[in-house]
Amino acid sequence: MYNHTAEESTMTDDSKMTLNLLLLGRTQSGKSASGNTLLGSVDFTSYLSPRSVTTSCHLGRSCHISGLARRNGSELAVQVHVLDTPGYPHSSLSKEQVHQEVKSAVAHHFGEKGLHLALLVLRADVPLCEEEDDHTTELVQELLGPKWKDFTVILFTHADRVEKAKFEREEYLHIASDTLHKLIQSVQQKYIFIDNHATILKEENLRALRKIMEFLRQNNYQRILFK
Ligand SMILES: Nc1nc2c(ncn2[C@@H]2O[C@H](COP(=O)(O)OP(=O)(O)OP(=O)(O)O)[C@@H](O)[C@H]2O)c(=O)[nH]1
């Protein structure tokens, strides 16, 4: 599999746009819950478990959402496509199995249409240590190639726990590990906090999608193609 970038966003017609997103990250980090928040529905199985819940990739599609993007002065209806993936380390799959599963699903779903952003899911309430960072970024680098930093956003889940501990989100990042600081720097400060247990999930959904659209604009709506 190789990849290259394309400039235009995926337009199904002039008034519609598809936003293609990939969730990656360690097991039980909240990938499926985040996918559900971004889709505004319950497409993916998500629950607390002492073993990895997701064992294969699944694509979820949202309904068309207005108020997120405009093109040539007209409103665009944005449909979000999210690919949920098994995490690594995984309680029953080897690294090779996880990588293979994710690579073939990415090629299948985003091969020609392209991927706008990979969301690297990290729990905001768990420190990122150096060894884990290697696991976390290995797959995204392998998949996206040398431009991975342009196409990767860190998605911090469990934002509610940060708030409960009375931290401001930005202040909390100031005191984070050097490993996390380096990772945030390498993805050019592209990060989002998300609370998948928010009382009003619709607000969380729109806030996260608006931020994602900002990152897309910064990237000139480029996508990575896999062929
Ligand atoms: N408090 C809180 N819990 C969360 C949040 N996001 C996810 N969780 C919980 O974390 C647990 C794991 O979430 P999942 O969405 O299943 O995580 P996953 O990464 O898909 O897990 P695997 O499929 O096992 O790899 C569940 O109990 C979720 O409810 C969040 O933002 N806040």
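Biologist: Is Tyr191 buried or exposed?
Modeller: In this predicted model, the relative accessibility of Tyr191 is 14%. A residue counts as buried when this value is under 20%. Tyr191 is therefore classed as buried.

Biologist: Are the rings of Tyr191 and Phe193 stacked or edge-to-face?
Modeller: A pair of aromatic rings is described by the distance of the centres and the angle of the planes. For Tyr191 and Phe193 the centres are 6.1 Å apart and the planes stand at 90°. Planes over 60 degrees apart count as edge-to-face. The pair of Tyr191 and Phe193 is therefore edge-to-face.

Biologist: Which residues are linked into a cluster by ring pairs?
Modeller: The cluster includes Tyr191 and Phe193. Ring pairs also bring in one further residue, Phe156.

Biologist: What share of the ligand does the protein bury?
Modeller: An oxygen atom of the ligand is 3.0 Å from a side-chain N or O atom of Thr27, and a ligand oxygen lies 2.8 Å from a backbone N or O atom of Asn196. Taken alone, the ligand exposes 660 Å². Of that area, the protein buries 92%.

Biologist: Which helix gives the largest share of the shell around the ligand?
Modeller: The ligand is surrounded by 21 residues, with Lys31 and Ser32 among the closest. The largest share of this shell is three residues, and they come from helix α1 (residues 31–39).

Terms used:
Residues numbered from 1 in each chain as written. Predicted model: local features only at pLDDT ≥ 70, side-chain atom pairs only at ≥ 80, totals over all residues. Heavy atoms only, no water. Phe/Tyr/Trp six-rings, centres within 6.5 Å; stacked < 30°, edge-to-face > 60°. Buried < 20%, exposed > 50% of the residue type's maximum accessible area, 1.4 Å probe, protein only. Near = heavy atom within 4 Å. Polar contact = N/O pair within 3.5 Å; in protein donor to acceptor, adjacent residues only side chain to side chain. Areas by Shrake-Rupley, 256 points an atom, 1.4 Å probe, with all protein chains shown as cover. Helix = DSSP H or I, 4+ residues; strand = E, 2+ residues; numbered from the N terminus.
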